[in-house]
Amino acid sequence: MKTAHRFLVAFLVVFLVTSAVLVATFDAHRNDVTDYTDGSIEAQADQSADVLDDRLRGQVETLEVAATNDALIDHESDEQASAIEALVETSAFDGASVVDSSGTVRAITTGDDGAASDDLIGADFSDREYVQCALANRSCISDPFMAETDNHIVVISVPVRDDGEIVGTVNAAYHLTETTFFDPLVGSAERTGMTVTADESVLYSDRERFEETIDRQADLEMVDWTVTVHHDQAALGETLDRLRTFQIATGVLLLGTVGGFGLWVYHSQIQRIQRLSRRVGALERRAYDETEPVGGPAEWRRIDRALDRLARSLERREQMLLVYNRILRHNLRNELNIITGYAAHLEATLEDEESTAATDIRLAATDLLDLADRARTTEHLLDRPSSNPPEIDLVDVVTDRVEAFTEAHPGVTVDLETPANAVVVGGEELELVVDELLENVVEHAGDDATIEITVTVTDATVSMQFADDGPGIPEETAALLTGDSDISPLNHSAGIGLWLVDWTVSRYDGALTFPAGAEGGVVEVVFKRGGGDPGD
């Protein structure tokens, strides 16, 4: 994968992970806000229920204190009537009455300018639950009921005792409508409303202020009432909108920063790496005049200058090699042809030692011509293989070249062991590899040598091994070819054959090796395996 593609993948991963983190963070914050709102509404409902409980509890306690007034014991007395009138005048109660232990009304006042309702004196209240509850020695609050004035009223009733004996009850009416009882619930929060219900009766509500609400409930302890808190749904929506806006702004800033950093890295590094890769590719293609600058800071400019120097150096060396090849191809070959012609003429016209000397001259010139022809192939090896290198069946190549070799050298024995096929990465130049290795055996082991050629296929490679009964490759030569030793005026190879093998094989990412420990001469060439299947 190219550097730019890897960078793009990495950048997309970072971008997507960052986006996912932002989305997850927004969801978490949104859930936190929603949970906080729910908790706040529940707490407000509980607090409102506690406030109403406290107010009712306070009224009960007020009435319990009033019930300790001895004047309330003397039924139908002026003192009893005055006591309940004073109770109404000094409290929040809107009316009060006293009944005896049988539930008969003995004194009553409505609270309207303190006047008594004489019509109710002697009335039987024994069937009323709050009277029964108080006569049972409990302080009780009645269920809300609608009065003739369209007000919701509750009656608080407590027992009246004389020396510990219950002699009656004092009952106080408490108006819920158009009073200050629910005032603590009003305006407790700007975007919150309240509803108080008893069974199905609505005692108080300001729910109508909002279209959609989030509702939470709490029950009172003193009475069977329910407080419902209504939180404006639009308020939560506005909060979430603000959070969303903040998250979007944060996301744009963060992703913009990531994107900006990615663009900076791409322009300052990736594009320069691409230009550097193109320049190196141009050098491999021998396009030395392609001088696209890498550019950038001082480090990249130093690389630019180094590539320029390398291009000039490679161009000069290639020029020298091409000049040498032209010399071999024209000048030297023409002169050697003249020498071989004259040597052949002398060989035919002279006798004895002179004729033999002419023959030696002709043969030496012929060897030089052959060496020049083989050296000329190096010019072709300068060209880099295409991005889709060719493939060839090595078994076919070896079989064909061995057949031609044995015809030319009938005294040499060649044992060939190969699979059915062995496709390798390489072109027709591999014929040269086989020819040079066969000729190398004859050169060092003689015309009666025995050669064993083995082709072996593995999952990734194909190896071709040449073994003969000759003296083997000198260690100095092998060290030069494998790079373990440097060429010098005193340390160099006598021929060009193995160099041509090494250069040809290396052209297709293969390798020339000399296995250690083998008897005789052993040379092994390893190729990259091609698309063919291994043989049997």
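Is Asp241 buried, partly exposed or exposed? At 41% relative accessibility, Asp241 counts as partly exposed (buried is under 20% relative accessible area, exposed over 50%, partly exposed in between, with a 1.4 Å probe and protein chains only). This is a predicted model, where local features need pLDDT of at least 70, side-chain atom pairs count only at pLDDT 80 or more, and totals for chains, interfaces and linings use all residues. Residues are numbered from 1 along each chain as its sequence is written, and side-chain values use heavy atoms, leaving out hydrogens and water.

Asp241 pairs up with Arg244 in a salt bridge, with the closest N and O atoms 2.6 Å apart. (A salt bridge here is a side-chain nitrogen of Lys or Arg within 4 Å of a carboxyl oxygen of Asp or Glu.) Both residues sit in helix α4 (residues 233–284), three residues apart, or about one turn of the helix. Helices are DSSP runs of H or I with at least four residues, strands are E runs of at least two, and numbering starts at the N terminus. Arg244 is partly exposed too, at 33%.

By this rule the count comes to 17 salt bridges. Another one joins Glu42 to Arg216, at 3.8 Å between the closest N and O atoms. Glu42 lies in helix α1 (residues 3–66) and Arg216 in strand β9 (residues 213–219), so the pair ties together parts 174 residues apart in sequence. Glu42 is partly exposed at 41%, and Arg216 is partly exposed at 24%. Shared partners link Asp38, Glu42 and Arg216 into one salt-bridge network.
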